[in-house]
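Reader: I am new to this structure. Please take me through a close look at one part of it, and then show me what lies around that part.

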Amino acid sequence: MSYTLRRLRWRDIRTTYRLASDPDERREAKDHTMPTFWGHLKWMWRWVHWHELRAWVILEDGKPAGLVRAHGGGIWLPFSRHVMSIVLFPAYRGRGIASWAIGEAAEVLAGQTDRPIFAYIRKGNRASMGAFRKAGFRFMGRVIDGLSQFVYTED
Ligand SMILES: CC(C)(COP(=O)(O)OP(=O)(O)OC[C@H]1O[C@@H](n2cnc3c(N)ncnc32)[C@H](O)[C@@H]1OP(=O)(O)O)[C@@H](O)C(=O)NCCC(=O)NCCS
């Protein structure tokens with residue numbers, strides 16, 4: 001099997017809409033409501049065009065397996081932080097793909113900017129914590145609104 005990351009583009013909209021509609025993804029997201037297609041179009045526009053938002057489709061043998069992305073911490077605080085998140089289609093989970101993709105994306109981001117890279121993970125989300133830990137993130141000892149704060153540290 002070969003794995004690659006490719007920058008998000010418009011033609012990925014079917015993939016991202018399916019990922020955004022995944023019940024596990026909705027449970028872990030800030031907004032739990034299922035996306036409408038129009039709402040998702042707006043979301044997609046931002047993630048494809050805004051400089052502060054970077055997203056990569058995770059490909060297994062050229063087929064979409066998931067999405068890893070990072071936002072720049074809000075346009076009002078340009079010098080703040082990146083916040084990374086990930087979602088895989090259920091069939092691709094539990095095989096180490098998430099930790100690989102997070103590590104790759106974090107390495108690319110760390111090479112482009114000095115801003116710290118954070119992840120905020122719900123306390124019960126063992127799989128996400130495991131994946132981020134394996135990719136080089138460490139728990140900062142802080143829980144904010146039920147979300148554990150992790151930060152990327154390069155070896
Ligand atoms: C979070 C998610 C991307 C993890 O994907 P995954 O493919 O299971 O992750 P990995 O296979 O890379 O697992 C990484 C590590 O997590 C640990 N892990 C996985 N599932 C676990 C579980 N249920 N309990 C405890 N640890 C677990 C393992 O230690 C694994 O390491 P290993 O390869 O040494 O066994 C996937 O479950 C998902 O898409 N969930 C829905 C969306 C979501 O929760 N996103 C996170 C928001 S930040």
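Author: **A close look at Met44**

Leaving aside neighbours within four places in sequence, Met44 is in contact with Ile13 and Thr16. Two residues are in contact if their C-beta atoms, placed from the backbone, lie within 7 Å. This is a predicted model: local features need pLDDT of at least 70, side-chain atom pairs count only at pLDDT 80 or more, and totals for chains, interfaces and linings use all residues. Residues are numbered from 1 along each chain as its sequence is written.

Met44 sits in helix 3, residues 37–49. Helices (H or I, at least four residues) and strands (E, at least two) are DSSP runs, numbered from the N terminus. Met44 and Thr16 are 28 residues apart in sequence, yet 8.1 Å apart in space, C-alpha to C-alpha.

Why is Met44 partly exposed? Met44 counts as partly exposed because 19 other C-beta atoms lie within 10 Å. A residue is buried with 20 or more other C-beta atoms within 10 Å of its own, exposed with 12 or fewer, and partly exposed in between.

Now to the core. A nonpolar core is a set of buried Ala, Val, Leu, Ile, Met, Phe, Trp, Tyr and Cys residues joined through C-beta atoms within 7 Å. The largest one holds 29 residues, and Val68 and Ile102 touch the most other members. Elements giving two or more residues to this core include strand 2 (53–60), strand 3 (63–71), strand 4 (82–88) and helix 4 (97–112). Helix 4 gives the largest share, six residues. Beyond four places in sequence, the contacts of Ile102 include Val68, Met84 and Phe132.

The strands come next. Two strands pair if DSSP finds at least two bridges between them. Strand 2 and strand 3 pair antiparallel over eight bridges. Leu53 stands opposite His71 in strand 3. Strand 2 and strand 3 form a hairpin, with two residues between them. In that turn, Asp61 has a positive phi of about 45 degrees. Strand 3 also pairs with strand 4, antiparallel, over six bridges. There, Ala70 has Met84 of strand 4 as its bridge partner.

Last, the ligand. Its shell has 23 residues, and Ala98, Ser99, Arg126, Ala127 and Gly130 are the closest. A residue is near a molecule if its C-beta atom, placed from the backbone, lies within 6 Å of it. Helix 5 gives the most to this shell, with six residues.
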